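Below are some short notes on the fold and on one surface feature. Please read them alongside the model.

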Amino acid sequence: MDEFEIEHVEQPELQEPVFVEGLPGVGHVGKLVAEHLVEELDGDLVSRIYSTHLPPQVSVDEGVTQLASVEIHAVEASDVDLLVLTGDHQAQDTVGHYGLTDAVLDVAEEYAAERIFALGGVPTGELIEAYDVIGAINTESQREGLEAAGVEFREDEPAGGIVGVSGLLLGLGGRREMPAACLMGETSGYLVDPKSAQAVLEILQETLGFEVDFSSLEDRADEMEDVVRK
């Protein structure tokens, strides 16, 4: 197979969708948000992207295998169409991160996505009570709206920048003149963090103007609190 292959599963008609990325990362914050949107709002699989830069493995579900990939789902969220990227893996090397991001942006451009949101977590190194959301943008015009929704823009944070597909969506997206923002929930970095994911999802809701039930995220948060107490 080629280094990067896009498999088109469906061709939905979408009206200027917003592209949302949630691949695995710190606290699995972005992945939790993306999966929650797909599950709660009955997303439809649009595309899979395969790559020789993803781990050399298949997943197994009731004996049926699926080659490692990332998936893009179409989600109807009130009056907003979303394209939601999620999966179980990031690329394993620098070339893979760049190539995978370019393939993702190709799909976003194919559907004329009007803007991009990359989602993730920022590690604090300690357990926290208040979950702030830190932002980064590739065009200054996005700042005012995100600040109004509660996003904080801090000097020199996150330390070391944003790595992986989340960061490259802003960098490479900017080179394609695609407005992109990264929403990062504070998290200890030690555990899967549904509370941080909920904080990020609340900002996304406020910014895009849709509603989604939080019950399952809240249940997962309660389960994680039990784990922490033990």
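1. Helices (H or I, at least four residues) and strands (E, at least two) are DSSP runs, numbered from the N terminus. The model is predicted: local features need pLDDT of at least 70, side-chain atom pairs count only at pLDDT 80 or more, and totals for chains, interfaces and linings use all residues. Residues are numbered from 1 along each chain as its sequence is written, and side-chain values use heavy atoms, with hydrogens and water left out.

2. Val58 sits in strand β4 (residues 58-61). With a relative accessibility of 41%, Val58 is classed as partly exposed, because that class lies between buried (under 20% relative accessible area) and exposed (over 50%), using a 1.4 Å probe and protein chains only.

3. Together with Met1, Val60 and Leu67, Val58 makes up a nonpolar surface patch of about 370 Å² accessible area. Patch members have over 30% relative accessible area and no salt bridge, and nonpolar side chains (Val, Leu, Ile, Met, Phe, Trp, Tyr) are joined within 5 Å. A salt bridge is a side-chain nitrogen of Lys or Arg within 4 Å of a carboxyl oxygen of Asp or Glu. Areas are from the Shrake-Rupley method with a 1.4 Å probe.

4. An open, mixed sheet has eight strands in the order β1-β3-β6-β7-β2-β8-β10-β9; pairing requires at least two DSSP bridges.

5. Strands β3 (residues 44-51) and β6 (residues 70-77) are antiparallel, with five bridges. Ser47 has Ile72 in β6 as its bridge partner.

Notes. Patch = residues over 30% accessible without salt bridge, like charges linked within 9 Å, V, L, I, M, F, W, Y side chains within 5 Å.
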